[in-house]
Amino acid sequence: MNIQFRKDERFRESFSYVNSDAGVLRFPFPFGEDRYMYSVNIEPHTRGGPNPAFAHAFDIDEHYVAECRERALVLADDPGRCQVLPHMMPAQWDTLELLMESFAADYPEHFSLEKNGDTWRWINRPLGIEQTFVFGRPETLPCPPFEYITRQAQGDFTLQDQRDDNLFVDGGMVTTQADWSLDFDIGMSFHEWHGPVPLAHDIGVFDRALRFLLRLQYGHPVRRLNWTMTINPRLDTSPENYPDWGPDRTTVTPDNVSEKVHLRVELQTLFRLPRSNAILFGIRCYLLSLKDIERVEKWRKRLNRVLTTLPPELVEYKGLTRYRDTVLAHLAPRDDGAPLSSGIQPDQTTLPPSALSNQR
Amino acid sequence: MTDQGIKSRPIYAALRRDPSGRRHLYVSAGAEPPPPALCDGPLEGWSVGPPTAEGTRTPPEREGERRFRSASQLKATLARRLATERMGLRLYAEGPEDFLWDVFGIAQEHGLGRQEVFLKQAGTLARRVQCVHCKTLNEGVSTTIVRCAGCGANLFVRDHFSRRLSAFQGVKVDAEQPGDVPPAERAYP
C-alpha cells in the first residue's frame, strides 16, 4: 500500500486540510450508539475490526508528512511539549524500538530498519531520513530516543511508569492535544492527571481503568476511542496556546458551521514496554469536518442524536457550549429519526460528492 | 466556586507520630510549636518566625528546636540536611499547600519514600498558581481570578493541582471572548 501524502497541509493560521474519500471512510467515528457516556471502552488492539485505522499497530495516513512538520513547528516554539523524566531512559529506547519495528513491518515501502547487533540503520522515506545509530547509546542520535522517534510519528505519546500500584505520567510528546498540559501534568498519578474530567470519577471509570491497565501484558496492546470537537482543522489545541485558538469558538455561524466544525477523535492505544515495564500511550488524533461527516448518512444522523442527548457537564468540559446549538440546527433537519445499525462502521462504501451534501 | 469537582486535590490527615521511624523531624511554615500527637518522644522542630519579626529570631526553648527567618531559608537548610540523612527519618510538614509540596519535592529528591513524609495543611489557603500560557508562578493568590504577573492574562484558578510544581493551574478566563472577565471573588483566604 503506497500512501499518497498531502505534503502542503497547514494546521494553523491559513488552514489547509482535506480528506480523500477513502480518508473520510476510514475515519474512526467514535459513536457506536445514539447516546454517549464515559465508559471503560477498552478492547484488544488487534488488527482488523470495524475500521481500517485499526489495521496497524500505529496508523499512518495521508496526513503523515504534514503532521510531522506541524509537530516540528510546535516544538520549535515550545520545546517543553516533549519532556521525559530522567528515570525513564529505558522506556525511551523501548518506544523507539516499538515504533521503528512496527513502522518497518507495517509500511515496508515507506520505512526500513536493519539491525547489525546494536548498530541499527533506520530509513524513513517520506521524511527523507537515514540514520545509523547504536541502540542504547543516546549520543549516537541527534536528540533523545523518545523525541527522535515521536517526531516521526502522527499523534501524541505519553510514557507511564508503573510503581506503588499506580501509573505516573513521567514523559510525553504532546503537540496535538485536546486541551491538556504535559508540562503541568508530568509526574502525576493516574487519578491526578484525570482530575479535571467530570462525571467519570463518580461512576468508577478511572478506578476500573487503572486496575485493568496495571495488568496490561507485553504483546497484548489495547485501544479505545475518545472524542471532542475542534473549530478549524487545528491540531495544537493546547492550553498553552488557548489565548490563540479560544476565540475560534465564537466564529461559528450557520453559513460556515459545516466547514469550521470538526469532530476530533483520538485513537488511544496502550502498549506494555518490555525492558522498562512502562506503558506507552498513543493518542492518535483524527479530524473530520462536519461537511465530510454529513456525506455518511449513518454518521450524520448519529452525531445529531449524540449531541442532542449529551450530558451538560460534558458539553461544558469539551468546550462545545458556544456552538453546539448551531451544529444541531444544521444537523437536525438532516436526521429523519430512522433506526441506525449499532457499531461505528459507515454502512456505505462510496460517498456522494461533498457539494451535493452541502445543499439540500 | 471553591469545589470545582476536580480530583487532583490532595486530602490531608492530622499528623501522627509514625512509630516505625527512628528519628523524627517536624518542619512548619509558621511559628507554632509541633502538635502534641508528635511529641511523645524525641522530635526536632523547625519553625519560621512571623513577618512581624523582621528578621529577628527568638531563642529556642527546648532541645531540637530551630527557628528560621523565612520558609525559603528553612527549605534550603532542609535540602542540605536531607543530603546527609540515613534511613529511618520521618519527616512531618505543616503549612500552606505550596510549602508542603515544596518540602515533599525536596524529600523525594533526597530519596525519602512517599510513606516517610507526612503533610498537614495549615495557615493561609492562598494558592501558588502557574499560568499555563506563560509558565509564570503567581504566589499567594486568594481570589478566583488573578492577573498573571508574567503575561497579564486574567487567569481563572482551576482546582487542578500539581504536586511537582506545588501549584494550581491558571487558565485565561476570557480567552474565547477577550475582555469578558467576571468579577474575582475572594475564595482562598
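# Close-up views of a predicted two-chain model

**Figure 1. The contact between chain B and chain A.** The contact draws on 19 residues of chain B and 21 residues of chain A. On the side of chain B that touches chain A, two elements give two or more residues: strand E9 (154-162) and strand E10 (167-172) of chain B. E10(B) supplies three residues, the largest share of that side. By class, the residues on the side of chain B comprise six nonpolar, eight polar and five charged. The view, like those that follow, is taken from a predicted model.

Figure 2. Chain B contains two helices and ten strands. In sequence order these elements follow the pattern β-β-β-α-β-α-β-β-β-β-β-β. The C-alpha trace of chain B spans about 60 × 35 × 25 Å along its principal axes. The domain assignment divides chain B into domain 1 (23-121) and domain 2 (124-189). Taken over C-alpha atoms, the centres of domain 1 and domain 2 of chain B are 28 Å apart. Seven residues of domain 1 and eight residues of domain 2 of chain B make the contact. On the side of domain 1 of chain B that touches domain 2, the residues are three nonpolar, one polar and three charged.

**Figure 3. The helix pair H1 and H2 of chain B.** Helix H1 (residues 71-82) and helix H2 (residues 97-109) of chain B have axes that come within 10 Å and cross at roughly 20 degrees. Angles under 35 degrees count as roughly parallel, and H1(B) and H2(B) are therefore roughly parallel to each other. Their crossing is right-handed. H1(B) contributes Ala71(B), Lys75(B), Leu78(B), Ala79(B) and Leu82(B) to the contact, and H2(B) contributes Phe99(B), Asp102(B), Val103(B), Ile106(B) and Ala107(B). The residues of this contact divide into eight nonpolar, no polar and two charged.

**Figure 4. The seven-stranded sheet of chain A.** Seven strands of chain A form an open sheet with antiparallel pairing, in the order E1-E8-E9-E10-E6-E7-E2. Strand E1 (43-44) and strand E2 (82-84) of chain A are the edge strands, each pairing on one side only. E1(A) is joined to E8(A) by two bridges, and the two strands run antiparallel. Pro44(A) has Val222(A) in E8(A) as its bridge partner. Strand E8 (residues 222-231) and strand E9 (residues 261-272) of chain A pair over ten bridges in the antiparallel sense. Within E9(A), Leu263(A) is the bridge partner of Met229(A), and Arg264(A) is the bridge partner of Thr228(A).

**Figure 5. The three-stranded sheet of chain A.** Three strands of chain A form an open sheet in the order E3-E4-E5, with antiparallel pairing. The edge strands, each pairing on one side only, are strand E3 (111-116) and strand E5 (129-134) of chain A. With direction ignored, neighbouring strands of this sheet are turned by 10 degrees against each other on average. Strand E4 (residues 119-124) of chain A runs antiparallel to E5(A) and is joined to E5(A) by six bridges. The bridge partner of Trp120(A) in E5(A) is Phe133(A).

**Figure 6. Helix H3 of chain A against strands of chain A.** Helix H3 (residues 89-106) of chain A lies across E2, strand E6 (156-163), strand E7 (166-173), E9 and strand E10 (279-289) of chain A. H3(A) runs at about 135 degrees to E6(A). H3(A) also lies across E3 and E4 of chain A, running at about 120 degrees to E3(A).

**Figure 7. The helix pair H11 and H13 of chain A.** The axes of helix H11 (residues 297-309) and helix H13 (residues 324-331) of chain A come within 10 Å and cross at roughly 140 degrees. H11(A) and H13(A) are therefore oblique to each other. H11(A) passes H13(A) in a left-handed crossing. The residues in contact are Arg300(A), Leu303(A), Asn304(A), Leu307(A) and Thr308(A) from H11(A), with Arg324(A), Val327(A), Leu328(A) and Leu331(A) from H13(A). Classed by type, the contact of H11(A) with H13(A) holds five nonpolar, two polar and two charged residues.

Definitions and conventions: Residues are numbered from 1 along each chain as its sequence is written. Chains are lettered from A and ligands numbered from 1 in the order in which they are written. This is a predicted model: local features need pLDDT of at least 70, side-chain atom pairs count only at pLDDT 80 or more; totals for chains, interfaces and linings use all residues. Axes are lines fitted to C-alpha atoms, for helices over the stretch in contact, and angles run from 0 to 180 degrees between N-to-C directions. Helices (H or I, at least four residues) and strands (E, at least two) are DSSP runs, numbered from the N terminus. Angles under 35 degrees count as roughly parallel, over 145 as roughly antiparallel, 65 to 115 as roughly perpendicular and the rest as oblique. A crossing is left-handed if the near helix is turned anticlockwise from the far one by less than a right angle, and right-handed if clockwise. Two residues are in contact if their C-beta atoms, placed from the backbone, lie within 7 Å. Ala, Val, Leu, Ile, Met, Phe, Trp, Tyr, Cys and Pro count as nonpolar, Asp, Glu, Lys and Arg as charged, and the others, Gly among them, as polar. Domain bounds come from an automatic or database domain assignment. Two strands pair if DSSP finds at least two bridges between them.
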